[in-house]
Amino acid sequence: MCNLVNNVAILQICHYNHCNSPDYYLLDCFHARVFCSSSLNCFTVFFFFTVAPYTLTYFPVKGRCGALKMILADKEQQLKENLVSIEDWMKGEKKSSCLFGQLPKFEDGDLVLYQSNAILRHVGRKHGAYGKNDSEASLIDMMNDSVEDLRLKYIKMIYQEYETGKEAYCKDLPNHLKPFESILSKSKSGFLVGDQISFADYNLFDLLLNHKVLCATSLDSFPALKSYVDKIAARPKIKALLECENFKKLPINGNGKQ
């Protein structure tokens, strides 16, 4: 028997014979839960096929969607991905179909969003990562805008000045990291704002990982930032994502430079 309840398919199978299985166990590959009843000498298997609530259309890179994938993983949200190759994008058909002519494109049911920071805010708002009140939300916006400022500098160097400007960029990087170090060194929670993680934290964490690849020693003089990266990286769902082969194999940037 198979029923669909709240987007979850439940398959029930009963065998009227002796069951030696444990009362409960989980098969990750099928999301199957097996319940046994010694009194009925039967078992019931529930297969859960959860429909992904979100769809992301983007290039096969981490790029501007690393932080998004991290917050969704940490909040245990399903994500369907539509990958667009650079060759396909350059044909122009997909580009002309996108508002502002750019990716990522994020779909939440009938809601379609563009702009990576707008997408992060939307997900943060829906999943408790946008502060506890208006004041915290405003501070989180401020932090995220500051992360964006640094990301834009990073992107310009990667795509326009990598060969000629990487050394100077890495030399100047401490000046851009000092404000975040100051904020986190005073934070009792270890997060940018308040006592819980926000979408701005995922965004900063993602960008700091990129900079550790660019300049391996970039955080050596910033103990609070180093602890911050270690703390977020140790969150179980984030750790699993970072260790996932499909995620690890993605290049950071579209031109292969990092």
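1. C170 and C215 form a disulfide (a pair of cysteine sulfur atoms within 2.5 Å), with their sulfurs 2.1 Å apart. The pair ties together distant parts of the chain: C170 sits in helix α6 and C215 in the loop between α7 and α8, 45 residues apart. A search of the whole structure turns up 1 disulfide. In general, this kind of link is a covalent bond between the sulfur atoms of two cysteines.

2. Keep in mind that this is a predicted model, where local features need pLDDT of at least 70, side-chain atom pairs count only at pLDDT 80 or more, and totals for chains, interfaces and linings use all residues. Residues are numbered from 1 along each chain as its sequence is written, and side-chain values use heavy atoms, leaving out hydrogens and water.

3. Is C215 buried or exposed? C215 counts as buried, at 10% relative accessibility (buried is under 20% relative accessible area, exposed over 50%, partly exposed in between, with a 1.4 Å probe and protein chains only).

4. α5 has 27 residues and spans 38 Å from first C-alpha to last, close to the 39 Å expected (1.5 Å times one less than its number of residues). Its buried residues include I140, V147 and R151, and α4, α6 and α7 are among what covers them.

5. Have a look at R151 in α5. R151 has a relative accessible area of 4%, so it is buried. Beyond four places in sequence, R151 touches G63, R64, N203, D206, L207 and N210 (contact means heavy atoms within 4.5 Å).

Technical notes
Helix = DSSP H or I, 4+ residues; strand = E, 2+ residues; numbered from the N terminus.
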